[in-house]
Amino acid sequence: MDAVGHFFHSIPFDLIVIQTVNGIVAGMILALIASGLTLIFGIMDVVNFAHGELFMLGAYMGVIVIATTGNFWLGLVASALIVAILGAAIQILTLRPLIGRDPLNTILATFGISLVLQNYALWQFGPVSRKIPEPISSHFILFYLEYPWYRIVIAVLSAAIIGSFWLFLKYGKYGIWIRATAQDRIMAQAMGIPVPWVYTGVFAIGAAMAAASGVLFAPTTGVDHSMGLDWVLKAFIVVVVGGMGNLGGSIAAAIFVSLLESYAAIWMDPSQAVIVSFVVLILTLLFRPTGLFVSTPR
Amino acid sequence: MTTTTPLDKTLPLGKTGLSHSTIFWVGFCVVIAVLAAAPLMLPEFWRRFLTEVLIWGLLAMSSDLLIGYTGMISFGHSAFFGLGMYGAGAALLLVSPPNLWLAILFGLAGAAGAALFVAYFSTRLRDIYFAITTLIFSQIFYVIIFTWTNVTGGENGLIFTRPHLSIPFIYDARFTTTTMHWFVLAVVTASYLILRRVTQSPFGMVLQSIRENEPRTRAIGYPVARYKMVSVMLSGLFAGLAGVLYAVQNEFAAPNFVYFLTSGDTVIYNVIGGIGTLVGPIVGAGFFQLARELLARLFGDQFPYLIPLGLVFIVMIIFLPQGLLGFARRWLNR
């Protein structure tokens, strides 16, 4: 009894609250990345290995636009647009010829793309990490911390982007095209939906979401050429845990995994806290291989 | 020059009147002879280069067992390679005097442990899910090795001395670059022969039928999951062997080699050289390393060689998914 009481006493309540906020903020960024990834997978059957590189390039585009115009929000929008166009070009050049081939070919092709993009970034921007100043510099007091409002803004904005995207899928004309293609691509084609262009559009939207999250995330740490791999790994974990191609599941899993990781960071070194998400993945594979957040196991 | 010699095997395809196996084994002996004679003629740098190509080729060949024969793409071979490296390092640091065979034993044990772990969890999944989980598992090993500084040396890795090349009671001498090359060549050749035998055995046939049609293989009554696990384990063991060789040649073990990039390179070697041929990946490794070296010499060390090589890789996936040796695939597997 005493041991149990001691255990509860030893949990630092303030740290838990701080880490909850941190976890939700990280989780929303991750959800934004993962929803693009899961969208591309769900509709095109493509595991986009280059998603982390689109995230990274988005952050770099943000750095460039913000450095020239000085406006963060303009940087956010411009970066999303530029990377969307880049994504469309990549899809047309490399993934469209692979439609109908084994999905393993597409994972190899996107892996090649990620190599090229990552090394291009290293070559173009150099190994030194770049900084974006926080657009909102005010803080509020969270226990003994001055917590930046900007982080809360990140979470809210990510939620807004995901939410508006969901509305678009649900009610927009092109959103209905996308859902129809996901459901039955041959029937959709028969109904006059230009399926190859839907693929291109979906890839562009996923790329834009990755770029937006890159710009949003950039002020909290630096921007460098290798930042993509960590995030794409996390996004892969989230997408598998949430159920491949399942948008809601990915978002839930993103927040779940990020919360666990930030709680683990109370007791562990942050670089080791990653292991917690690996453990979640292993347990998921053992007990629910179709994903934790899928209501009916397929 | 010498790295492209395995192509010789594919030359005598015409109607020469000789049986397939005669041509194959004559070609095989010629290639081995050329590779064995190469260090006597090459300058020091290229000798080491050729040895490294053979080691990378062994790693790629081990991964070919999964990619080309079982139809599962592994993005996690760096874990097996790295565990082989660190296992060899442990043996060389803990036991004195350092013993080559003990290093191989420890390295294989390390790789087998990693392979058992990966095989048990990730063979539950198919296709892309398998690829993703192998990648994530290799990152687990990377994080552990990178952060467990007391044991693994963390970012700095381990540094040790090269053991003697010793055959008990017969031979005992320091490695020179030439004997190192011959030793690596012998190991790679033996591995090739074993893997070739495995892929042509009934077991290998079941693996190939899993690649062609998994549900049907299961319906016929083969325990598919067990076959997949064994193939991952086998592949991991040979990858670990490559890791041991690399550690012995370079006298260090570093976390960089456990990182995802090594796995990525392995996949590239396979795709460039031609999956499902066993020798193709070695050719792919040679092509890749040679191109990298030439680009570095032409444009300087800072040149991002992965941009042109990555583009070549993408183009090959779209237009030549069979790889450089793809045209000889059936012939080599007969």
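1. In this predicted model, 34 residues of chain A are in contact with 29 residues of chain B, a contact being two residues whose C-beta atoms, placed from the backbone, lie within 7 Å. On the side of chain A that touches chain B, α5 (103-125), α10 (227-242) and α12 (270-287) each supply at least two residues. The most comes from α5(A), with 15 residues. By type, this side of chain A holds 27 nonpolar residues, six polar and one charged. Here Ala, Val, Leu, Ile, Met, Phe, Trp, Tyr, Cys and Pro count as nonpolar, Asp, Glu, Lys and Arg as charged, and the others, Gly among them, as polar.

2. Conventions are as follows. Residues are numbered from 1 along each chain as its sequence is written, and chains are lettered from A and ligands numbered from 1 in the order in which they are written. Local features need pLDDT of at least 70 and side-chain atom pairs count only at pLDDT 80 or more, while totals for chains, interfaces and linings use all residues.

3. α10(A) has 16 residues and reaches 23 Å from its first C-alpha to its last, close to the 22 Å expected (1.5 Å times one less than its number of residues). Of those 16 residues, 14 are buried, so α10(A) is largely enclosed by the rest of the structure. A residue is buried if 20 or more other C-beta atoms lie within 10 Å of its own, exposed if 12 or fewer, and partly exposed in between, with C-beta atoms placed from the backbone. Just after this helix, A:Gly243 takes a positive phi of about 100 degrees.

4. Chain B contains 14 helices and four strands; these are DSSP runs numbered from the N terminus, helices being H or I of at least four residues and strands E of at least two. Buried residues make up 47% of the 334 in chain B.

5. Two backbone points in chain B deserve a look. Most residues other than glycine have a negative phi. B:Glu251, not a glycine, has a positive phi of about 60 degrees; B:Glu251 lies in the loop between α10 (224-250) and β4 (252-253) and is partly exposed, with 14 other C-beta atoms within 10 Å. B:Leu278 has a positive phi of about 65 degrees, in the loop between α11 (260-273) and α12 (279-299) of chain B. B:Leu278 counts as buried, with 28 C-beta neighbours inside 10 Å.
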